[in-house]
Amino acid sequence: MKYVDEFRDGELARGLARRIAAAARAGRRYSFMEFCGGHTHAISRYGLADLLPPQLRMIHGPGCPVCVLPIGRVDLAIALAAERGVILASYGDTLRIPASGGLSLLKAKAAGADVRMIYSSAEALALARDNPGREVVFFAIGFETTTPPTAVVIREAARLGLDNFSVLCCHVLTPSAIGHILSSPEVRSLGSVPIDGFVGPAHVSTVIGSRPYEYFAEEYRKPVVIAGFEPLDLLQAILMLVEQVNFGVARVENQFARAVTREGNLKAQDLVAEVFELRREFEWRGLGTVPYSALQIRARYARFDAERRFALAYRPVADHKACECGAILRGLKAPWDCKVFGTACTPETPLGSCMVSSEGACAAHYSYGRFRAVA
Amino acid sequence: MSQRRRGYARPLDLGGKVDLSHGAGGRTAAQLIEQLFAAALDNEFLAQGDDGAVLPMPPGRLVMSTDSHVVSPLFFPGGDIGCLSVHGSINDVAVMGAQPLYLAAGFILEEGFPLADLARIVGSMGQAARDAGVPVVAGDTKVVERGSGDGVFITTTAVGVLRDGLNLSGSRAQAGDAILISGHIGDHGMAIMACREGLGFASPIVSDTASLHGLIADLLASGAAVHALRDPTRGGLATTLNEIAAQSAVGMLLREDAIPLRREVAAACELLGLDPLYVANEGKLVAVVGGNDAERALAALRAHPLGRDAAIIGAVHVDPQHFVQMVTAPGGRRMVDWLAGEQLPRIC
């Protein structure tokens with residue numbers, strides 16, 4: 001397949017692996033965080049750990065939309081579907097996130113709530129058009145990649161004058177999360193999470209561009225290399241990070257130049273700015289409450305905001321006691337450090353959100369890499 | 001079918017729809033059976049017309065399997081629910097090494113289903129059964145009220161005969177065995193998904209639905225030491241191999257670059273965020289054979305039209321964890337795990 005096979009070529013991959021091994025200095029440790037769940041998945045799916053030298057470690061970051069969604073937000077969606085009689089539409093993995101009282105949207109659906117799995121935001125809008133007598137709520141989650149499609153349907157709903165469609169907006173912002181991790185005591189003072197650099201997100205960066213990362217490179221002296229999601233993209237980005245560390249520089253470099261520009265997708269950015277504004281604070285699973293880290297719907301589109309329409313009040317809920325998702329999302333622990341990993345918590349019966357999405361660190365390690373823990 | 005005077009019933013109106021009387025056992029039901037089912041599936045055993053078919057039985061052991069079919073859409077590139085239901089049960093019997101002999105079919109029809117579509121489906125079943133040389137010797141039809149079904153559901157049961165001395169089982173894979181697949185993976189599942197998601201390709205993905213007993217007979221006749229055969233349907237190649245690994249208490253190591261995969265199937269999987277290892281096949285065979293016989297088995301498969309693209313994709317080894325692993329194209333190692341829940345597209 002064109003534009004895919006080229007980026008999975010075994011010969012080129014082994015060549016890059018040899019160059020990384022040659023560049024990585026003996027006696028020095030390299031720790032890089034791949035922020036994005038798409039990269040976490042690719043690293044596990046292609047077994048890239050086997051191609052990296054022993055002194056180089058990848059830390060899985062919190063860039064998995066399902067993983068960082070706190071229980072309280074899922075509870076809101078379940079309450080809408082189960083108690084308010086709405087048609088609740090959301091993306092597949094969202095339906096499996098464990099929420100309060102042993103519930104999930106999937107279990108609420110089995111108990112009679114009208115929950116629909118959709119592939120695109122346009123399907124949620126179509127549901128509202130096809131069911132004029134019913135309230136339809138789109139449970140919208142995700143980073144900057146999935147935000148523009150949500151903006152499109154809100155604008156479209158306004159244009160059509162739909163009065164039965166609203167959005168439970170849980171869109172979050174990548175730069176805020178990276179900034180939060182970098183300014184955390186674990187990274188800054190305690191040194192318990194050594195981060196020498198970041199692999200920057202692929203699809204998110206097509207929207208926001210590479211410019212937002214320049215602040216991290218400058219302020220925190222951490223190199224950032226934006227990378228595509230294919231194995232060769234990742235290996236090349238890791239080589240670029242190793243070289244920056246060796247030279248003692250911290251720059252933003254763009255390995256994914258075939259899709260990402262410095263300015264990003266201005267049209268999408270304008271669209272998002274028209275429909276959304278910064279939320280004063282938002283609770284992230286693992287990171288806690290992070291100021292200005294998420295979006296809410298602007299006042300002019302208030303009638304499409306499910307939180308206002310249904311007067312929803314957010315109530316934070318603590319994670320399962322044994323679950324280490326929080327520490328794993330901050331890079332403090334690895335999946336195998338968690339006592340319930342692979343025992344009480346499996347992809348079939350997830351206790352924590354990192355086991356739900358295939359982009360979650362726990363699900364990726366369980367599904368693709370757990371033979372290593374045994375060997 | 002009981003004997004009835006010629007011309008007694010009016011010809012079935014193929015412009016009409018299934019109604020509740022078609023399942024009520026009265027004259028309308030008899031007309032449907034005679035003019036649609038019996039006409040399309042015609043054979044001497046079905047024509048006995050009694051409550052059960054009396055069948056001759058060659059020497060050997062009986063093998064029996066049943067399979068329900070609920071595919072949506074009912075018609076897809078490369079086939080339809082009719083031929084699919086014939087191939088499905090035949091293959092379940094064939095992978096035991098048996099010669100499939102007879103089929104039975106049960107239909108659940110939804111009120112309002114177009115009779116013309118039903119005729120097309122049953123016609124396709126008849127054709128598939130004749131092509132396979134396995135007659136449908138018994139059947140049943142029920143009609144459910146509108147909203148209680150999805151057009152038509154078909155359950156088929158196949159009976160076959162297994163010669164003495166031949167024992168194939170998913171529990172017989174052993175360290176050193178080679179793992180073969182008879183052709184490209186994921187064709188059926190992606191043909192269905194492409195229809196559902198409206199993915200328009202210049203050349204549409206075509207389902208691989210087919211009866212495998214001819215291919216299997218050739219493989220067995222090659223003299224290769226065949227230990228286990230299975231058709232990787234729901235859950236795809238990954239699920240089938242995990243089943244065999246668990247049943248045989250062994251591990252497996254696959255080579256990603258050896259697994260045949262069509263470009264258009266790979267592309268559709270990329271678009272929908274699916275892993276082709278977990279996508280259904282309906283005309284593919286997984287064979288676990290003695291390591292020394294791998295090439296002989298491969299040659300036998302490739303000599304048959306359904307096995308032209310067969311490949312040796314991995315090997316069996318000792319592993320107390322019964323893990324299926326794979327060397328990926330870039331050269332890393334990953335597990336090929338059991339599917340967790342349904343294979344849902346990733347969300348970003």
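Leu88(A) touches Ala77(A), Leu80(A), Ala81(A), Leu105(A), Asp114(A), Val115(A), Val137(A) and Phe139(A), leaving aside residues up to four places away in sequence, where touching, or contact, requires C-beta atoms, placed from the backbone, to lie within 7 Å. This is a predicted model, in which local features need pLDDT of at least 70 and side-chain atom pairs count only at pLDDT 80 or more, while totals for chains, interfaces and linings use all residues. Residues are numbered from 1 along each chain as its sequence is written, and chains are lettered from A and ligands numbered from 1 in the order in which they are written.

**Nonpolar core**
- Leu88(A) is also among the residues that touch the most other members of the largest nonpolar core, which has 225 residues, together with Ala81(A), Leu168(A), Leu235(A), Met125(B) and Leu180(B).
- Such a core is a set of buried Ala, Val, Leu, Ile, Met, Phe, Trp, Tyr and Cys residues joined through C-beta atoms within 7 Å, and buried means that 20 or more other C-beta atoms lie within 10 Å of a residue's own.

**Contact between the chains**
- In chain A, 35 residues are in contact with 24 residues of chain B, and H16(A) gives the largest share of chain A's side, 6 residues.

**Two helices of chain B**
- The axes of helix H4 (residues 187–197) of chain B and helix H7 (residues 263–272) of chain B come within 10 Å and cross at roughly 55 degrees; helices here are DSSP runs (H or I) of at least four residues, numbered from the N terminus.
- Residues of H4(B), including Met190(B) and Ala194(B), meet residues of H7(B), including Val265(B) and Leu272(B).

Definitions and conventions
Axes are lines fitted to C-alpha atoms, for helices over the stretch in contact, and angles run from 0 to 180 degrees between N-to-C directions. Two residues are in contact if their C-beta atoms, placed from the backbone, lie within 7 Å. A residue is buried if 20 or more other C-beta atoms lie within 10 Å of its own, exposed if 12 or fewer, and partly exposed in between; C-beta atoms are placed from the backbone.
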